[in-house]
Amino acid sequence: MSQQGYVAAPPYSQAQPGMGSYQGGFGAAPAQPLYGHYGGPPQAFSSPPAGVMKSPASSPGGMPPPPVSSQYNPNVQQNGAHPQRLASPSAAPPTYGQPSHSVYNSMASPAQPPAQQLTNQMSAMNLGGYAPGAMQSPPPPATTSIAQQRFQTPPAATGHPQMHSAPLSSHMAPPISPPQSPITNMQGSGPPMGGQSMAGPPMGGHSMTGPLMGGHSMTGPPMGGQSMGGPPMGGPPMGGQSMAGPPMGGPGSFQQPGSGPAGLQGYPQQAGQFGGLMSGPQPGMQGGFPGAPGGLSGPPQKKLDPDSIPSITQVIEDDKARLGGQVYSTNIRGQVPPLVTTDFTVQDQGNASPRFMRCTTYTLPCTAELAKQCQVPLASIIKPFAKLPKNEAPLYVANHGETGPIRCNRCKAYMCPYMQFIDGGRRYQCTFCNCVNEVPAFYFQHLDHIGRRVDFYERPELSLGSYEFVATLDYCKNNKPPNPPAYIFMIDVSYTNIKSGLVKLICDELKTLLEKLPREDGAETSAIKVGFVTYNKVLHFYNVKSALAQPQMMVVSDTAEMFVPLLDGFLVNYQDSRAVIYNLLDQIPDMFADTNESETVFAPVIQAGVEAFKAAECSGKLFIFHSSMPTAEAPGKLKNRDDKKLVNTDKEKTLFQPQKGVYEQLSKDCVAQGCCVDLFLFPSQYLDLATMGDVPSHTGGSIYKYNNFQVETDGEHFLRDLRKDVQKSLGFDAVMRVRTSTGFRATDFFGGVYMNNTTDVEMAAVDCDKAVTVEFKHDDTLSEETGALIQCALLYTTISGQRRLRIHNLSLNCTSQLSELYKSCETDSLINFFAKSAYRAILNQPVKNVRDILVNQTAHMLACYRKNCASPSAASQLILPDSMKVFPVYMNSLMKTAPLVGSTELSTDDRAHQRLSVMAMGVEDTQLQLYPRLIPLHNIDVSSEAVPAPVRCSAERLTDAGMFLLENGHSIFLWLGQACPPDVIQNLFNAPSLAHLQQGHMFSLPELDNPLSKKVRSIISELLDKRPNSMKLLIVRQKDKPEMLFRQFLVEDKGLHGGASYMDFLCYVHREIRQLLT
Ligand SMILES: [Zn+2]
């Protein structure tokens, strides 16, 4: 890639003097804790090559249309929310961060005892049986005493603000029974905590304890002070239902848009800021764990009320009730946006819409020490091409003429609302690096009485969070404007695909689909060119030049040296060549109707696409429709290496690793050419998806998989995916760069991206559903006053071949108070980060370790909150930050996903597929995947437009006479209870009873002319429309075998393939937290 103008920035190496010891560049990254990582290689940061600095010229720039808002004022960006000093930093024993840090590092290496112990402990408690049979001894008391040494002072002494721990509602019975005294518990003083020491410190990986542990042989299952269900509890043990109170439970961290700038300032400090009180393990109690070995089949001693633990559906409904339908203005620094599940309208007033950028927290800790202490990952999830609803304006395009976009001379940040104009408007200070720059003459403008340029509202780059610049030739390959992109459809015509009818299905669909290629707003036709290839062991290229009466085929059988046998006539304008293309699409199924060829090649197919784009000097996308493992003699030939015996061993990671060599190089070639690969797979058996998906997952592509494809049952599902995919809006040949103000920087990137160096995120293409998760680390201290800025700049080629820069800016708060940080956390974003980092981590270490780290970090984050931010209360109460009260349920769900669960019952390809899909997901998609929506349909009001509110994702919510819809972004289930009323069945299926439903009819609903049928089908199609993937519909009857498929998505329940129920997990985490606090 040679976008010199773009990659030229050497920002960090030229830090301001104020940046302290990092001035010389960060070649050797500061000794960062690896707390956000799983032992992956630390990102050594080296400054990118120096390049061309843009010099200002004096040609006038185009004036964009005036932006919508009139309220944004950078001077009002301050969120003056730090009036109340909470616990002074010194009150928190600094030792807390330290041990946990080293623990974390040691956790990161596979064979460390600590991780082992945690797992042992978990399995001993049968917390889901992640590691079957690994019943082992608890760790030695020695660790506990170390743990006890950590806190000499009970947190009660720190004078916290009034964040009450008292019961908030009447139905919340006092969870605590007499023996407990908060002080005693907090001090972790010996005997009363007996159960605790049994439980063992999962964080025991403290290096000091290392040697001790090795020699200890423990016997007997730990009976940890687990109280759940134990008779001595008295009273509803989980009574802490404080979080359920809908309207008032709100943390108040969201400012109502429209309440005026004054009202927007600052976060009111609120009591009730943490969500849950939960009674926890009782000192010295030998309570049984609900999911204890053998306990699963037996009923728990005491039925717990599942309503008493924090509920995702409640949190979602509360947020909808509070913010749904409102206008969210982005004029406040560090403002926490509505949840992804809430419908709202965004008004860009200086910060990027949350549709483009979301953060794990909107208030960064000022120092690396604080970050280390709380272990809350600092990350932003960026979806640069996010779809905007119709009532939100598309991005304005600024044109600065031949000069190109105005940029800071030093750090290369683009002109944005944060730049401070000084000296009467003749110069501006870059807010990212503090460099003072001259304003080019053509760009000069006077300032008004508050120091703002008078053209403030006329230039999107001065007043908006997101906008685009027209890029100049400096930003183009070889200083030449790019050609419009091309799409090549590459169809595997081997025996299986012909026999199944797939080839015909594709060819028929393309005839109509090609009319709908993406085009610029207002353009009559698409500029995208199209080409066609079919293949089995050899490749067939087609000449579809408009002048031809018949398409011509050219065969390339030398797959080792792939080349494109024709230039002219291969990539054509669809409109011009429609007749020839129709002819070709009609002929293809017949041409291969009698084929016996069952072997295929794969890498040469991608290579052919790259070569075609090279020859045509364009970027584009390959749509490959492929059915089997490529076993024909050719580069990239694969062999079956599936081995279930590796599951739950140290070598399990190899199942996820792609085979090296050919595909690695191919990814590189693709990205260099801007060749994105979308892969549609139709396997009937293992095909090494980890390797075949390698190129798509590095080029911003998508992977679709249809197991045992049959046209009748899967055809519509596949076509819906194909239509969505072909029509997606996207950018090609993209490079993304994330700049930050001084004090922190982007250190890691997760997504369908390719990294040639540590800063430039390359994507052959990026579509509206793809997101990159960016992790940040501190370089230095951040200032509460100035806050922190992030600028994401994406250089790309539009669908019509224009080179553009898309800029997203976001300003965050900074704090030295952890309570402020926790208050601004966004659980949905946190879980996106954890999902991606865990899914990457399993490439390098056993999934068991990764799960341990996830549990560990969950407990740590929550313990730190408890210790530093919550008011003193009994240790047996689980106190969660309001912003994170449902974090445990997501985390538990994540650990039960196919990639992380470690079950031999799951297909290796399915696990690899899910891993790769999640890596490119945005926050909405990970949210839905980890907490599917379970929608009750039996009481539906057929006359209402509304979709019924989802219920908690648990079998407890199902009723025999009920009917439910479950969607998770990948599948959609219609579940029918055994006692589903006959009239419902009649209305939906035109059958007298459930028993009459035919197996073959279980994939679609007949179109019947009655209100119920119409309503249910309209809900389903609404859901299908909304999601990036089409989701296969499965109709399951209660107690039928396929019901298992459905049940595995009831994520609050114990996992079918292993993994704890939400309740058990929460209890476990609670115990871990107590452990950390003692
Ligand atoms: Zn700068």
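**Close-up views of a predicted model**

View 1. Asn-648 is partly exposed, with a relative accessible area of 35%. Here buried means under 20% relative accessible area, exposed over 50%, and partly exposed in between, using a 1.4 Å probe and protein chains only. The model is predicted, so local features need pLDDT of at least 70 and side-chain atom pairs count only at pLDDT 80 or more, while totals for chains, interfaces and linings use all residues. Residues are numbered from 1 along each chain as its sequence is written, and side-chain values use heavy atoms, with hydrogens and water left out. The loop that holds Asn-648 runs between strand E16 (620-626) and helix H16 (653-656). Helices (H or I, at least four residues) and strands (E, at least two) are DSSP runs, numbered from the N terminus. Asn-648 is not a glycine, yet its phi is positive, near 65°.

**View 2. Asp-688 in the loop between strand E17 (675-681) and helix H18 (689-692)**. Phi of Asp-688 is near 60°, a positive value in a residue other than glycine. Asp-688 has a relative accessible area of 1% and is buried.

**View 3. Cys-618 and Gly-801.** Cys-618 sits in the loop between helix H15 (603-616) and E16. Its relative accessibility is 7%, so Cys-618 counts as buried. Along the chain, Cys-618 and Gly-801 are 183 residues apart; their C-alpha atoms are separated by 8.7 Å.

View 4. Cys-408 and Cys-411 are both buried.

**View 5. Helix H31 with helices H23 and H24**. H31 (residues 1062-1077) has 16 residues and reaches 22 Å from its first C-alpha to its last, close to the 22 Å expected at 1.5 Å a residue. That expected span is 1.5 Å times one less than the number of residues. Of the 16 residues of H31, 16 are buried. The axes of helix H23 (residues 847-868) and H31 come within 8 Å and cross at roughly 60°. This makes H23 oblique to H31. Angles under 35 degrees count as roughly parallel, over 145 as roughly antiparallel, 65 to 115 as roughly perpendicular and the rest as oblique. Axes are lines fitted to C-alpha atoms, for helices over the stretch in contact, and angles run from 0 to 180 degrees between N-to-C directions. H24 packs against H31 at an angle of about 110°, with the axes 9 Å apart, and the two are therefore roughly perpendicular.

**View 6. Helices H22 and H24**. H22 (residues 827-841) and H24 (residues 887-895) pack at an angle of about 25°, and their axes are 10 Å apart. The two helices are therefore roughly parallel to each other.

**View 7. Helix H27 (residues 923-930)**. Of its 8 residues, 7 are buried, so H27 is largely enclosed by the rest of the structure. The buried residues include Val-923, Asp-925 and Leu-930.
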